[in-house]
Amino acid sequence: MRLIQGRGVDLRSLWRQGSVLLTLAGVSLLVVYVVAGCGQPAQQAPSPPAAQPSAQAPAAPAKQEAPPAAPKEEAYVINPPLGLPPVPIPADNPMTKAKVELGKMLYFDTRLSADRTISCATCHDPQKAWAEDRPTSVGFKGQLGPVNSPTVINTAYARALFWDGRAASLEEQALGPIENPKEMGHSLEELVKQLSEVPEYVRRFQEAFGTGVTKDGIAKAIAAFERTILSGNSPYDRYQAGDKTALSEEQVRGLRIFEDNCAVCHSPPLFSNYQYYNAGIGLDKEPSNKGRMAVTGDERDFGKFRVPPLREVAKTAPYFHDGSVATLEEAVRIMAQGGIDNPRLAAQFKTLKQAQLSDQDIKDLVAFLNALSGEYPIVEPPQLP
Ligand code: HEC
Ligand code: HEC
């Protein structure tokens with residue numbers, strides 16, 4: 001908004017717009033509060049993003065901004081919740097507030113799909129722990145995808161993305177679904193053209209990158225937004241930090257069993273070592289998913305999938321790469337029994353089978369996995385231009 005344009009400022013209209021802005025700010029704070037309070041009763045409101053400590057005078061509330069010229073460099077500082085390490089930020093995509101705001105809009109914008117029916121949030125829904133509650137995704141024109149949609153939560157830390165690890169960074173990943181004929185079915189050229197016709201997007205790309213709308217900017221903004229979606233401060237984290245009342249007895253037993261049998265692959269703090277193993281899931285399907293072999297071409301990688309991180313796992317049913325298992329208990333039982341036998345089953349699963357975990361062990365493990373549900377932001381769809 002351009003309000004301060006030089007000498008001939010109309011004070012009355014400035015005042016009016018100022019108070020409208022303040023009211024809006026108040027209302028939106030209230031909305032955030034209400035939504036965070038009733039949307040997810042078990043969860044506390046996400047802490048607001050920390051402001052960049054600044055040597056300059058504190059900004060006045062509802063301060064008016066000058067029209068954008070150069071990109072805005074105001075940093076967005078991520079303060080990871082208890083239990084999470086610092087978020088790795090790629091050198092060529094530093095976190096700025098302008099970028100995160102833009103990325104949030106793109107994430108929720110159905111313009112990213114060819115027929116304007118699907119956004120990233122369709123398959124990675126903040127209300128569903130940033131995942132999806134169906135076995136495999138329904139994308140462009142109702143097409144069924146081959147795999148379950150994983151949560152976006154904590155992907156900021158993933159060394160490899162997708163079930164077969166075919167993307168190495170969120171930037172690399174972000175453009176994939178847009179052109180995937182089964183997901184959003186769009187063309188990036190078209191999308192860039194379309195967004196370039198929306199003045200607010202043009203202004204926001206200018207602010208975030210100092211350029212017009214570009215593919216590179218779309219990827220970077222979405223990735224920057226995704227890096228803010230973190231879950232930590234779970235009962236497990238509080239227990240590890242010294243609060244011995246944070247876990248029930250059952251959960252403490254589950255933690256010990258988990259450490260002995262599961263943590264080699266589901267390693268804390270993210271509960272994945274980001275390696276690939278054959279657990280024998282979905283091999284009965286025709287055609288079966290080659291898993292990691294699709295990326296490496298190596299026969300030995302047939303049926304291997306990336307170890308899924310387990311934070312918020314209690315909220316991301318159904319389970320496994322093909323979404324074939326409806327409950328957490330059943331998923332844990334399959335793991336505890338050493339996966340599903342096949343000629344390429346990972347050696348670690350054979351060891352697990354020998355451990356012969358009992359029904360009580362499985363119950364304790366499930367109780368423990370529930371203690372990995374912590375705090376994460378539930379972002380409401382922003383106003384789109
Ligand atoms: C039609 C549903 C659908 C849409 C739309 C969609 N995704 Fe996905 N997403 C998936 C599925 C399914 C996977 C897993 C694909 C695989 O592993 O082969 C996935 C994987 C991912 C991953 C990797 C997660 C991980 O743990 O490896 C990220 C990050 C992601 N999507 C972000 C996005 C973003 C950003 C958008 C919007 C530009 C988007 N997705 C649009 C279904 C969708
Ligand atoms: C050898 C490594 C390994 C070990 C050990 C292991 N897992 Fe897994 N886990 C995996 C892999 C790989 C998958 C994904 C399999 C697939 O989808 O095809 C998985 C999937 C899961 C899932 C489903 C998550 C989701 O989002 O779909 C749960 C839950 C799980 N494991 C719990 C456990 C528990 C509990 C133990 C210990 C009893 C355990 N795992 C031991 C590798 C391992």
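Analyst: A residue is taken to be near a ligand if its C-beta atom, placed from the backbone, lies within 6 Å of that ligand. The model is predicted, and every value below is computed from it.

By that criterion, ligand 1 is surrounded by 27 residues, and the closest of them are C120, C123, G139, F162 and P177. Four helices each supply at least two residues of this shell: α3 (120–123), α4 (170–174), α5 (176–179) and α8 (215–226). By class, the shell around ligand 1 consists of 17 nonpolar, eight polar and two charged residues.

Between two of these helices, α3 and α4, runs a loop that contains V152. This residue counts as buried because 24 C-beta neighbours lie inside 10 Å, and the cut-off for burial is 20 or more. Beyond its neighbours within four places in sequence, V152 is in contact with H124, W130, E226 and I229. Its C-alpha atom is also separated by 6.8 Å from that of A131, although V152 and A131 are 21 residues apart along the chain.

Together with α2 (97–108) and α6 (188–196), α8 is included in what covers the buried residues of α7. Helix α7 comprises residues 199–209, and its buried residues are Y201, R204, F205, Q206, E207, A208 and F209. Just after α7, G210 takes a positive phi of about 70 degrees.

The packing of α2 against α7 can be described in more detail. Two packed helices are described by the angle between their axes and the distance between the axes. The axes of α2 and α7 cross at roughly 145 degrees and come within 8 Å, and their crossing is left-handed. From α2, the residues that make the contact are A98, K99 and L102, while α7 provides R204, F205, E207 and A208. The contact of α2 with α7 comprises four nonpolar and three charged residues, with no polar ones.

The contact involves L328, E329, V332, R333 and A336 of α12, and D361, I362, L365, V366 and L369 of α14. Seven of the residues in the contact of α12 with α14 are nonpolar and three are charged, while none is polar.

Finally, the whole chain provides the setting for these parts. The protein chain has 14 helices and two strands, and 38% of its 385 residues count as buried. Among the contacts in the protein chain with a separation of 6 or more, 70% are between residues 24 or more positions apart.

Terms used. Residues numbered from 1 in each chain as written. Chains lettered and ligands numbered in written order. Predicted model: local features only at pLDDT ≥ 70, side-chain atom pairs only at ≥ 80, totals over all residues. Nonpolar A, V, L, I, M, F, W, Y, C, P; charged D, E, K, R; others polar. Buried ≥ 20, exposed ≤ 12 C-beta atoms within 10 Å, placed from the backbone. Contact = placed C-beta atoms within 7 Å. Axes fitted to C-alpha atoms, helices over the stretch in contact; angles between N-to-C directions. Left-handed = near helix turned anticlockwise from the far one by under 90°.
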